[in-house]
Amino acid sequence: MLNFSPSPGRLPDGARVYAVGDVHGCAERLAAMHRMIAGDLASRPIAAATLVHLGDYVDRGPDSAGVVRLLAAGPPAPGLRVVSLMGNHEAMMLAALAGTEAGAVPHWLANGAAASLASWGASADDPPERWREAVPARDRALLAGLALHHAAGGYLFVHAGIRPGVPVARQSREDLLWMREPFLSHRGDLGAVVVHGHTPAREPQIRANRIGLDTGAVLGGPLTCAVLEADRVAFLFG
């Protein structure tokens with residue numbers, strides 16, 4: 001039984017969003033979370049349900065390749081729409097594999113690339129050309145095609161955050177993928193309640209203008225999913 005509490009945002013009647021925080025290679029936990037979501041949807045059907053993954057599928061954890069396979073597999077329940085957002089770790093990985101940006105390779109290596117490469121059967125000691133051979137083109141295409149944001153009702157879903165005072169259409173890609181301050185400490189209206197990951201905390205962060213869902217799954221915390229419907233929110237932990 002989900003324990004709902006008031007949410008700072010609202011969805012239209014008949015709509016529900018499941019928003020999942022940073023996964024970081026924890027494929028088994030994401031698969032378990034997908035089963036929980038499917039179970040909740042089966043026991044509480046609703047007209048329009050959407051699953052939003054908030055990004056950071058790769059790096060640090062044991063099975064980044066497995067997480068990408070789960071994303072490619074499609075909805076974990078019939079009738080469930082899936083929107084997967086890009087995180088800064090996907091952006092780092094794509095830049096390193098493309099080999100066109102100075103400093104992209106050491107930047108990715110410093111942020112957990114070794115675990116990702118191992119899951120695709122490569123090594124951080126291999127030349128980058130070998131990395132590009134190891135990661136299938138279909139996986140790279142999936143990551144390159146991820147959305148940067150998603151809006152539903154009174155919510156805006158992004159990986160990291162937004163720059164206060166800047167319309168969504170004018171937010172930079174870097175801000176959406178990397179933002180911490182001044183977003184996290186901002187107490188004013190953001191134009192929508194921003195649901196995000198990127199900045200880990202021990203438990204979900206609910207503020208008047210944002211909901212943070214990175215609870216450090218790869219650091220020993222849970223994988224967290226916010227269940228948003230009407231003007232309330234509950235959480236699934238896996």
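Reader: Which residues is Trp108 in contact with, leaving aside its neighbours within four places in sequence?

Author: Contact means heavy atoms within 4.5 Å. By that rule, and leaving aside neighbours within four places in sequence, Trp108 is in contact with Asp59, His89, Met92, Met93, Ala96, Leu97, Ala113, Ser116, Leu117 and Trp131. This is a predicted model, in which local features need pLDDT of at least 70 and side-chain atom pairs count only at pLDDT 80 or more, while totals for chains, interfaces and linings use all residues. Residues are numbered from 1 along each chain as its sequence is written, and side-chain values use heavy atoms, with hydrogens and water left out.

Reader: How many residues has the largest nonpolar core, and which have the most contacts inside it?

Author: A nonpolar core is a set of buried Ala, Val, Leu, Ile, Met, Phe, Trp, Tyr and Cys residues joined through side-chain atoms within 4.5 Å. Buried means under 20% relative accessible area, exposed means over 50%, and partly exposed is in between (1.4 Å probe, protein chains only). Here the largest nonpolar core has 44 residues, and those with the most contacts inside it are Tyr18, Val20, Ile37, Leu80, Met93 and Trp108. Helix 3 (residues 88–98) gives the most to this core, with six residues. Another core lies apart from it, with 19 residues, among them Ala15, Val17, Val83 and Ile211.

Reader: What describes two packed helices?

Author: Two packed helices are described by the angle between their axes and the distance between the axes. Axes are lines fitted to C-alpha atoms, for helices over the stretch in contact, and angles run from 0 to 180 degrees between N-to-C directions. Angles under 35 degrees count as roughly parallel, over 145 as roughly antiparallel, 65 to 115 as roughly perpendicular and the rest as oblique. Helix 2 (residues 64–72) and helix 7 (residues 137–144) pack at about 70 degrees, with their axes 10 Å apart. That makes helix 2 roughly perpendicular to helix 7. Val68, Leu71 and Ala72 in helix 2 meet Asp139, Leu142 and Leu143 in helix 7.

Reader: How do the residues of this contact divide?

Author: Ala, Val, Leu, Ile, Met, Phe, Trp, Tyr, Cys and Pro count as nonpolar, Asp, Glu, Lys and Arg as charged, and the others, Gly among them, as polar. The contact of helix 2 with helix 7 has five nonpolar residues, no polar and one charged.

Reader: At what angle do helix 1 and helix 2 pack?

Author: The angle is about 25 degrees, and the axes of helix 1 and helix 2 are 8 Å apart. These two helices are therefore roughly parallel to each other. Ala27, Leu30 and Ala31 in helix 1 meet Gly66, Val67 and Leu70 in helix 2. The residues of this contact divide into five nonpolar, one polar and no charged.

Reader: How many salt bridges does the count come to?

Author: A salt bridge is a side-chain nitrogen of Lys or Arg within 4 Å of a carboxyl oxygen of Asp or Glu. The count comes to 10. One joins the side chains of Arg16 and Asp40 (3.9 Å, N to O). This pair links distant parts of the chain, with Arg16 in strand 2 (residues 15–20) and Asp40 in helix 1 (residues 27–43), 24 residues apart. Arg16 and Asp40 are both buried.

Reader: Which residues are linked with Arg16 and Asp40 in a network of salt bridges?

Author: The network links Arg16, Asp40, Arg44, Glu229 and Arg232. Within it, the side chains of Glu229 and Arg232 meet at 2.7 Å, N to O. Glu229 counts as buried at 7% relative accessibility, whereas Arg232 counts as partly exposed at 33%.

Definitions and conventions
Helices (H or I, at least four residues) and strands (E, at least two) are DSSP runs, numbered from the N terminus.
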